[in-house]
Amino acid sequence: MEQKIKEFPAFKVNGFIMLAVVVVLTLVGGWYLWSRVQGLEALLARGLKITDFMGGEDSVAEVLAWLAATLLVVIIPSLSGFFSVEPNQAVVLVLFGKYMGTVRESGFWWTNPFASKQKISLRVRNFNSKIIKVNDAEGSPIEIAAVVVWQVFDSAKSKFAVDDYEEFVAIQSETAIRSLAIRYPYDAPDETETPSLRGIPDEIAHALQKELQARLEVTGVEVIEARLSHLAYAPEIAQMMLRRQQAKALIDARRQIVEGAVGMVNEALNRLSREQMLDLDDERKASMINNLLVVLTSEQTAQPVINAGTLYN
């Protein structure tokens, strides 16, 4: 059965307090040893036996054993219990293969000296994916890349859920980008009916962030933002797709011009009829409409023709 590990605070003590305790123990132990050595030298100088000092051999052995235990068991191992935590950094503590908690507070700390300490950065990081070549929803080959902004929010999951959480973020990001690209076309004629990668960038970014968060939840990583940084047709079809886009843009522009011209002609005829400025029959109306449409939809400036009448009445 898979064991799910979640981050929790670890036992810690202010490092400066423990440093003061260690220094005091070292000074006391050193002074005690120095005083005993001085007393032993005085006894030797007077020609006395060591057994006369401290009341016998057992007392001397007890003093030396106490000093050795103090220096070896308390002072020396306790030095490995000191560690520092920088801002936006976490230290994961592991004791004999068991997770003992995480220290997030920056500063100088002391903990169990036998626990191993592994640092994990909590800073915000960027992953800039390489340009990936993939087919979109319509089967057209495109090039796509994205920038993912992420940070660790659960140090225990990042350390113990996967082997290398940074590599996991990179692989899953590229997988999510490929999955997103094959669900949408590069471009669509009507964005309201068929959303596309180019037409709705904000929605695409939100969809990518949501999919990435679902994939990276197991590693204790939070996806802050994910956006496409590169989007283009593959080189082999880029020129053809560019011509298609240009043709589409030209057709859309012509359609808009024609719609505007028809509206203007209709407005002109209605105004002439409403104000009774001219009484035109159907033939003259058709000729007027034709002339107005030619003038309004022509790419070149219309040349006016002045009708001066005929030579003969």
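These notebook entries record what I looked up in the structure.

**Entry 1: basis**

I worked from a predicted model, in which local features need pLDDT of at least 70, side-chain atom pairs count only at pLDDT 80 or more, and totals for chains, interfaces and linings use all residues. Residues are numbered from 1 along each chain as its sequence is written, and side-chain values use heavy atoms, with hydrogens and water left out.

**Entry 2: overview**

I looked up the secondary structure and found seven helices and ten strands in the protein. Helices (H or I, at least four residues) and strands (E, at least two) are DSSP runs, numbered from the N terminus. I then looked up burial, where buried means under 20% relative accessible area, exposed over 50%, and partly exposed in between (1.4 Å probe, protein chains only). Of the 313 residues in the protein, 32% are buried.

The accessible surface comes to about 20600 Å², and carbon and sulfur atoms hold 58% of that surface. These areas come from the Shrake-Rupley method with a 1.4 Å probe; for residues, only the protein chains shown count as cover. I also checked contacts, meaning heavy atoms within 4.5 Å. Among contacts between residues at least 6 apart in sequence, 69% join residues at least 24 apart.

**Entry 3: the nonpolar cores**

I searched for nonpolar cores, each a set of buried Ala, Val, Leu, Ile, Met, Phe, Trp, Tyr and Cys residues joined through side-chain atoms within 4.5 Å. The largest nonpolar core has 37 residues, and the members that touch the most other members are I142, V148, W150, V152, L208 and L212. At least two residues of this core come from each of β3 (89–95), β8 (132–135), β9 (141–152), α4 (165–181), α5 (201–216) and β10 (221–233). Helix α4 gives the largest share, seven residues. This core lies between domain 1 (13–120) and domain 2 (125–235), because both give residues to it. The domain bounds come from an automatic or database domain assignment.

Another core, of seven residues, lies apart from it, and its members include A10, F83, V91 and L93. I noted the general background that in soluble globular proteins nonpolar side chains tend to be buried together.

I also listed the neighbours of V148: leaving out residues up to four places away in sequence, V148 touches R125, N126, F127, S173, L212, V223, E225 and A226.

I looked up β3 and found it mostly covered, with seven of its seven residues buried. Q89, V91, L93 and L95 point one way from the strand, while A90, V92 and V94 point the other way. In a regular strand the side chains alternate between the two faces of the sheet.

For pairing, two strands pair if DSSP finds at least two bridges between them. Strand β3 pairs with β6 (residues 116–121) in the antiparallel sense over six bridges, and V92 has Q118 in β6 as its bridge partner. Strand β4 (residues 98–103) also runs antiparallel to β3, joined to it by five bridges. There L95 stands opposite K98. The hairpin of β3 and β4 has two residues between the strands, and F96 takes a positive phi near 50 degrees.

**Entry 4: the three-stranded sheet**

I traced an open sheet of three strands in the order β1-β5-β2, with antiparallel pairing. Strands β1 and β2 stand at the edges with a single partner strand each, so one side of each is left without a neighbour in the sheet. Two bridges join β1 (residues 13–14) to β5 (residues 107–110); V13 stands opposite W110, and N14 stands opposite W109. Four bridges join β2 (residues 82–85) to β5, and S84 is paired there with F108.

**Entry 5: salt bridges**

I counted nine salt bridges, each a side-chain nitrogen of Lys or Arg within 4 Å of a carboxyl oxygen of Asp or Glu. D187 and R198 meet in one of them (2.6 Å, N to O). Both residues lie in the loop between α4 and α5, so the pair ties together parts that are eleven residues apart in sequence. D187 is buried at 13% relative accessibility, whereas R198 is partly exposed at 46%.

E211 and R215 form another salt bridge (3.2 Å, N to O). They both lie in helix α5, four residues apart, about one turn of the helix. E211 is buried at 15%, and R215 is partly exposed at 26%.

R227 and E225 also meet in a salt bridge (3.0 Å, N to O). R227 is partly exposed at 37%, as is E225 at 36%.
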